[in-house]
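Subject: Structure handover

Hello,

Here is the structure you were going to take over. My notes on what was found in it follow below.

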Amino acid sequence: MRRITRIATVGVASAALALSATACGGKTSSSGSGSDGDKAAIAYDIGGRGDQSFNDAAYAGLSKAQKDLGVEGKEAEPSDGESDADKVQRLTELARAGNNPVIGVGFAYAPAIKKVAPKFPDTTFGIIDDASVTGKNIANIVFNEEQGSYLAGVAAAKVSKTKVVGFIGGVETPLIKKFEAGYVQGVKDTDPSVNVLPQYLTQPPNFDGFSKPDLGKAAAQGQLDKKADVIYSAAGLAGSGAIEAASKAGKWNIGVDSDQYNQAGLANYKESILTSVTKDVSDAVFNLIKSVKDGKPQSGEIRYGLDKDGVALSTSNPAFTKMTDVIAAVDKAKQDIIDGKITVKTAP
């Protein structure tokens with residue numbers, strides 16, 4: 001099958017990846033020199049490694065485990081238009097190869113993990129962004145995305161000059177609607193006069209909204225034409241197209257999942273990335289791998305929120321940190337959420 005086209009690949013790849021095609025059309029690669037029994041695997045979500053966002057954050061956690069724990073890392077890429085059966089085969093092959101844990105990056109792996117995990121009771125299966133599939137050997141890694149998105153809304157409302165800001169969701173799913181809900185609430189709590197333009201790129205079962213930059217670029221251009229001067233994209237690889245469009249228009253972007261200001265593939269547009277709503281997927285992946293290596297594998301729901309810095313706003317862009325009034329408003333909102341003074345909605 002045709003692999004998903006990327007704008008650029010991330011520059012932190014480990015040396016000399018050996019690639020081999022799987023029967024379902026995806027790709028697997030291994031790196032590191034861990035001893036037999038110290039193997040960990042991640043199966044990427046739509047867009048694969050190099051998306052400058054969600055998948056790259058997961059890879060960073062695996063890479064850290066390779067360096068700090070000495071494990072051998074295995075990566076498996078998705079294919080265009082793949083089915084749940086393809087995911088089942090991918091996870092089964094990773095588990096049979098002795099990888100432990102096996103981590104599905106994204107909620108789309110839930111049906112596959114439900115089928116595969118019971119067949120490998122001695123293997124820990126992690127799934128990021130899903131708590132619907134449970135089991136003694138399943139670790140559900142979830143985040144309070146709405147909390148980080150609320151802070152993004154505060155920042156957007158404070159910096160907008162046109163009083164119009166945009167939100168671009170990749171695919172209209174309950175998870176991505178959490179991003180929208182928090183963002184809109186943060187904007188409106190900060191300045192009710194600011195208009196928010198929400199837009200989704202595709203509807204399930206079409207998940208192209210997470211993988212095609214041209215869709216993000218077109219959506220961002222439409223919002224720019226409506227006077228939006230801050231655009232927050234929660235759209236995986238498609239978000240890079242939105243970032244390009246807003247950057248070329250001289251407007252602000254808010255990134256997602258990874259600190260997109262520091263992503264090599266977005267270097268040409270970094271000055272437009274005011275901040276990013278980060279999810280500590282990297283540490284979550286590392287912590288799960290370490291728990292297995294230590295003989296105390298995590299299981300059940302493992303939740304990361306503002307209180308544990310599991311979600312946050314990045315401060316890499318010096319232009320953002322110089323906005324002392326914006327930073328003060330964000331810091332106050334963060335503390336109010338942690339203290340329970342603000343309850344952030346999880347649906348629009």
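Lys163 is found in the loop between H4 and S8; helices (H or I, at least four residues) and strands (E, at least two) are DSSP runs, numbered from the N terminus. The phi of Lys163 is near 65 degrees, a positive value in a residue other than glycine. With a relative accessible area of 34%, Lys163 is partly exposed; buried means under 20% relative accessible area, exposed over 50%, and partly exposed in between (1.4 Å probe, protein chains only).

This is a predicted model, in which local features need pLDDT of at least 70 and side-chain atom pairs count only at pLDDT 80 or more, while totals for chains, interfaces and linings use all residues. Residues are numbered from 1 along each chain as its sequence is written, and side-chain values use heavy atoms, with hydrogens and water left out.

Other backbone points

Asp129 also has a positive phi, near 75 degrees, and is not a glycine. Asp129 lies in the loop between S6 and strand S7 (138-143) and is buried, with a relative accessible area of 11%. Most residues other than glycine have a negative phi, and most peptide bonds are trans. The peptide bond from Asn100 to Pro101 is cis, with omega near 10 degrees; Pro101 sits in the loop between helix H2 (84-96) and S5. Pro204 and Pro205 are likewise joined by a cis peptide bond, with omega about 10 degrees, and Pro205 is in the loop between S9 and helix H6 (213-225).

Chain totals

The protein chain has 10 helices and 14 strands. Of its 348 residues, 58% are buried. Among contacts (heavy atoms within 4.5 Å) between residues at least 6 apart in sequence, 69% join residues at least 24 apart.

The six-stranded sheet

Six strands form an open sheet with mixed pairing, in the order S9-S8-S10-S11-S12-S14; two strands pair if DSSP finds at least two bridges between them. Strand S9 (195-202) and strand S14 (311-313) are the edge strands, each pairing on one side only. From one strand to the next the twist averages 15 degrees.

Within this sheet, strand S8 (residues 164-171) and strand S10 (residues 230-234) run parallel and are joined by four bridges. Gly169 has Ala234 in S10 as its bridge partner. Helix H5 (residues 174-190) packs on the sheet, where H5 touches S8, S9, S10, strand S11 (252-257) and strand S12 (273-279). The direction of H5 makes about 170 degrees with that of S8; axes are lines fitted to C-alpha atoms, for helices over the stretch in contact, and angles run from 0 to 180 degrees between N-to-C directions.

Ser233 is a residue of strand S10. Ser233 counts as buried because its relative accessibility is 4%. Leaving out residues up to four places away in sequence, Ser233 touches Ile168, Gly239, Ala242, Ile254, Gly255 and Val256.

Strand S3 (residues 39-43) pairs with S4 in the parallel sense over five bridges, and Lys39 stands opposite Glu72 in S4. Strand S4 (residues 72-77) is mostly covered, with five of its six residues buried.

Strand S5 (residues 102-104) pairs with S6 in the parallel sense over three bridges. Gly104 stands opposite Ile127 in S6. Both faces of strand S6 (residues 125-128) are covered: Phe125 and Ile127 are buried on one side, Gly126 and Ile128 on the other.

Helices H4 and H10

Two packed helices are described by the angle between their axes and the distance between the axes. For helix H4 (residues 145-159) and helix H10 (residues 324-338), the angle is about 150 degrees and the axes are 9 Å apart. That makes H4 roughly antiparallel to H10, given that angles under 35 degrees count as roughly parallel, over 145 as roughly antiparallel, 65 to 115 as roughly perpendicular and the rest as oblique. The crossing of the two, H4 and H10, is right-handed; a crossing is left-handed if the near helix is turned anticlockwise from the far one by less than a right angle, and right-handed if clockwise.

On the H4 side, the residues that meet H10 are Gln147, Tyr150, Leu151, Val154, Ala155, Lys158 and Val159. Their counterparts in H10 are Asp325, Val326, Ala329, Val330, Ala333, Lys334 and Ile337. The residues of the contact of H4 with H10 comprise 10 nonpolar, one polar and three charged; Ala, Val, Leu, Ile, Met, Phe, Trp, Tyr, Cys and Pro count as nonpolar, Asp, Glu, Lys and Arg as charged, and the others, Gly among them, as polar.

Regards
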